[in-house]
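Open the model in your viewer and keep the selection tool ready. The stops below go from ring to ring.

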Amino acid sequence: MSKIHAAITAVNGYVPDYVLTNQELETMVDTNDEWIVTRTGIKERRILKGEGKATSDLAVPAVKGLLEKRGISADEIELIIFCTSTPDMLFPATANILADKIGAKKAWGYDLQAACSGFLFGLTTAAQFIESGKHKKVLVVGADKMSSVVNYEDRNTCILFGDGCGCVLLEPNDEHNGIIDAVLKTDGSGGPYLNIKGGGSLNPATHQTVDAGLHYAYQEGRTVFKFAVTNMADVAVEVMEKNHLTSEDVDWLVPHQANKRIIDATAERAGLSEDKVMVNIHKYGNTTSGTIPLCLWEWENQLKKGDNLILAAFGGGFTWGAVYLKWAYTKA
């Protein structure tokens, strides 16, 4: 009997309508379009506007669209893993809120927090439930409302982030397509360089924590860049070598969209030409858990059954990793 793999059988995404351009940011902080594009590759990002709108509101249209594409009802979903660093609230889990909003009455679920590596960690976790035979349909959501934790007076971070959601459905596959392998890593000593210090049990919300800006994303740019540029590239190559893949064997690199220079370094290290690399950072910026599934959604029409994909990410924690998967379908 051939081994069961967890294959992506549907993908969808959603980004809000509001476009925050570099030109608009020029009116908010001391920056300019050329500086932002040169250093990051970002031209614009999407922002979820409106009272009472949260991360789950990014996920609802993405997931409803996915169910429609796959031709299934929400009742058929057995498990929801919601990867996010900006949950609607500390509890209940955003996975539970989403399940209620879409009517997934038979699903259980939880949130997974691994910063920008969240989607890869979630995908790999979800695969275990499929491979073990425990579940037949698992929904993995990567979504973040980063605008809720960004200080729009800090020019170092406000230029980087946007809001968005991507989601995939995992189902069993016996044709050797799906998630083949993963290399995932963490290093907690990186915590001081990329974090949100306020809002947890260490620094509960007070006037002092709010005044000190502890509830905003903090990043020590140079340290993070140096670590990310090496480790994201290394782990992508590691998963390729482990599975005896050459650059010719790889059809697509799907990198986390944090910085165009990090993406380029990863592609170069893996020996992949630009036409094999998914890049949409110029349109959406860094949507944290949303970046990789948003790429898969945008490139879905170009993906063919049996294509070899390398997914690679790096995030706060530090967390980083790469997944090797074989695409399971050609869109009709």
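**Charges over rings**

Select Lys 49 and Tyr 18: the charged end of Lys 49 sits over the Tyr 18 ring, 4.6 Å from its centre. A charge sits over a ring if NZ of Lys or CZ of Arg is within 6 Å of the ring centre and within 35 degrees of the ring normal. Next select Lys 197, which lies over the face of Tyr 218 at 4.1 Å from the ring centre.

This is a predicted model, in which local features need pLDDT of at least 70 and side-chain atom pairs count only at pLDDT 80 or more, while totals for chains, interfaces and linings use all residues. Residues are numbered from 1 along each chain as its sequence is written, and side-chain values use heavy atoms, leaving out hydrogens and water.

**Aromatic pairs**

The structure holds eight aromatic pairs. Rings of Phe, Tyr and Trp (its six-membered ring) pair if their centres lie within 6.5 Å; planes under 30 degrees apart count as stacked, over 60 as edge-to-face and the rest as tilted.

Select Trp 108 and Tyr 110: the ring centres are 5.8 Å apart and the planes are at 35 degrees, so the pair is tilted. Trp 108 is partly exposed at 41% relative accessible area (buried means under 20%, exposed over 50%, partly exposed in between, with a 1.4 Å probe and protein chains only).

Move to Phe 227 and Trp 320, with centres 5.3 Å apart and planes at 80 degrees, so this pair is edge-to-face. Trp 320 is buried, at 8%.
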